[in-house]
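Hello,

Here is the structure I promised to pass on to you. Have a look at it first, and then read my notes below.

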Amino acid sequence: MEYVPITKPPVDQMPVLPNLRDYGETRRHWSWDTVRNELDGVPGGGLNKAYECLDRHAKGDRRDKPAMLWEGKNGERETYTFAEFAREANKAANGLSSLGVEKGDRVFMFLERIPECYFTAFGTLKLGAVIGPLFSAFGPDAVKDRLADSGAKVLVTTPELWSRVKEIRSDLPGLEHIVLVTRRQQAEPGDGIVLWDEVVGSQSDDFETVSTDPENYSVMHYTSGTTGKPKGAAHVHNAIIGQYATGKYVLDLHDEDVYWCTADPGWVTGTSYGMFAPWSNGATSLVYEGGFGANTWYSLIEKYKVTVWYTAPTAIRMLMKAGDDIPKKHDLSSLRYTMSVGEPLNPEAVVWSERVLGLPFHDNWWQTETGCILIANYPALEIRPGSMGRPFPGIEPGIIDEDGKLMPPGEEGNLAVRPGWPSMFRTYWNNKPLYDSRFQNGWYITGDRARMDADGYFWFVGRADDVINTAGHLVGPFEVESVLIEHPAVAEAGVIGKPDPVAMEVVKAFVALKDGYEADEKLRRELIRFSRDRLGAMIAPREIEFVPGLPKTRSGKIMRRLLKARELGLPEGDTSTLED
Ligand code: ATP
Ligand code: MG
């Protein structure tokens, strides 16, 4: 299907004028130094994420403005202004300091999206220590591996979550303290276990943020584990420059906005865009602890009058699956701008949201390693459904061949970026050789395959590991999946290359159907015909298997490597991030 570009609405009529009005001009005159000058820096020198996100607003005009609107999974509601938030973070910093946490130490958070998760994060940063966020749904092995690899000194968690993993304790001699947040369940201290209320609750709410060097580590994030064993990407305080700038120009955050990022801090979107981008911009941000539910999510937008919404393709596909009638029952008129990240966003999803919500999802691309958005459909740019958008000013991506040579527009190759942007990761923890291997011929190699069109829009093809070679033809799974989900019966599709003696690989699709459709032979044949008509026999799936759902990471990415391993009866590899 041909997708028409969406220009919406004309720049001059946008409810809030987009910051990036003239993309070309902005790109030509871009300077990271100018962005840096919009930040305050720690008085006396240095740069610290916590200072930019909290302290400077707590001291200034935004002190009484809500920073965090929190809604718990049981419907609890709490609001923290910038001044209150900074005070809570100060208490956390004092509490952690009383446990001996010092600059450079790793403090891991194994928490649900409760306020203490955010207080811990900023308290740790204020101390100059490094945060390591973990998904609250992780099991013992996943938590142990990450704590051991990072050499974490403190783990902040809850009695409920700790009881799930406590057997790991004896394997982690370096883990000195476990801090339990007893917001919902009481616990007893002892044997290295301390209680949040005792350690943090009684502390002073004054703390002077440590003057960290921009190159000091601030956050370490294990990657999503979509293609293999998760790697600990380490970021520095300097990353705030890119996070602030993209918050301003890509998220288009303004003072009157209510922003909602649905991502969990367990993966990088939940920190870069759930914490650093909105709060460095002084925006009000909604944090919802609960999980996905179409009705719940639309109700939250209505209740909090969310204006800017950042979510992910899986969630969008689930909203599509839930049907077009549910959004009609809610007043979603506050929304002015919606974005997506994490996986390729099928063009059908963009068109759907434009039709049903009245707003197209603006796709953007980045990775744990890049620390901030690098390619985006800006508010001011025409959206090309299916494209990731255009490079952020100051970012120079290229489509290159195996020798690092630039490919002409329209041709597919490796997506690479010229190193040196402020938010770039600085190492893979304990794995410098792997880090070094990602830099070749003056490029950072992303591991993704893409193409750029003549107007400079980038189009995702697939992860290098997932690209299928069928009879000498390279096929990106995304293209095939996107066609399949255009069919009204299909909710989700995952496509792999299945080894074949003749064609090397053939395209095989795993398809999950929407409610009310029968997985029978007739539909299977229809889907094959449907894809052939649109893609040609070479690219269309040769085989289709109906499945109840697709294996996904906790951040909602389809794990094609698992589909493939299962298909071939091979070991599944690292499944620590696999959703239940
Ligand atoms: P691992 O590196 O452990 O395999 P991962 O790559 O999924 O996991 P993340 O850093 O969370 O870990 O995800 C970044 C990847 O997600 C990108 O390299 C890309 O493959 C995919 N991605 C992110 N945004 C987009 C997008 N807008 N369109 C297409 N793919 C995207
Ligand atoms: Mg990756």
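To begin with a term you will need, two residues are in contact when heavy atoms of theirs lie within 4.5 Å. Before using it, please note that this is a predicted model, in which local features need pLDDT of at least 70, side-chain atom pairs count only at pLDDT 80 or more, and totals for chains, interfaces and linings use all residues. Residues are numbered from 1 along each chain as its sequence is written, chains are lettered from A and ligands numbered from 1 in the order in which they are written, and side-chain values use heavy atoms, with hydrogens and water left out.

**Tyr 51**

Leaving aside neighbours within four places in sequence, Tyr 51 is in contact with Asp 40, Gly 41, Val 42, Pro 43, Arg 56, Lys 59 and Thr 209. Tyr 51 belongs to helix α3, residues 49-58; helices here are DSSP runs (H or I, at least four residues), strands are DSSP runs too (E, at least two), and both are numbered from the N terminus. Its relative accessibility is 7%, so Tyr 51 counts as buried. Buried means under 20% relative accessible area, exposed over 50%, and partly exposed in between, with a 1.4 Å probe and protein chains only.

The side chains of Tyr 51 and Lys 59 make a polar contact at 2.5 Å. That term stands for a pair of N or O atoms within 3.5 Å; within protein, one must be able to donate a hydrogen and the other to accept it, and residues adjacent in sequence count only if both atoms are side-chain atoms. Val 210 is 159 residues away from Tyr 51 along the chain, yet their C-alpha atoms are separated by 8.9 Å.

**Asn 281 and helix α10**

Why is α10 described as largely enclosed by the rest of the structure? Because 13 of the 13 residues of α10 are buried. Asn 281 sits in the loop between α10 (268-280) and β11 (284-288), and is buried at a relative accessible area of 11%. A polar atom of the Asn 281 side chain lies 3.1 Å from the backbone oxygen of Tyr 244. Beyond four places in sequence, the contacts of Asn 281 include His 57, Arg 62 and Leu 253. Just after α10, Gly 282 has a positive phi of about 70 degrees.

**Ligand 1**

Which residues come nearest to ligand 1? Of the 24 around it, they are Ser 224, Gly 225, Thr 226, Thr 227 and Thr 368, where being near takes a heavy atom within 4 Å. Oxygen atoms of ligand 1 are found 2.4 Å from a side-chain N or O atom of Thr 227 and 3.1 Å from one of Lys 231. A nitrogen atom of ligand 1 lies 3.4 Å from a backbone N or O atom of Glu 343. Taken alone, ligand 1 exposes 630 Å², and the protein buries 97% of that (areas by the Shrake-Rupley method with a 1.4 Å probe). The largest share of the shell, three residues, comes from β14.

**Cysteines**

A disulfide is a covalent bond between the sulfur atoms of two cysteines. With a cut-off of 2.5 Å between the sulfur atoms, the count is zero. For Cys 117, the nearest cysteine sulfur, that of Cys 261, is 12 Å away. The sulfur of Cys 372 is 14 Å from the closest one, in Cys 53, which is too far for a bond.

Best wishes
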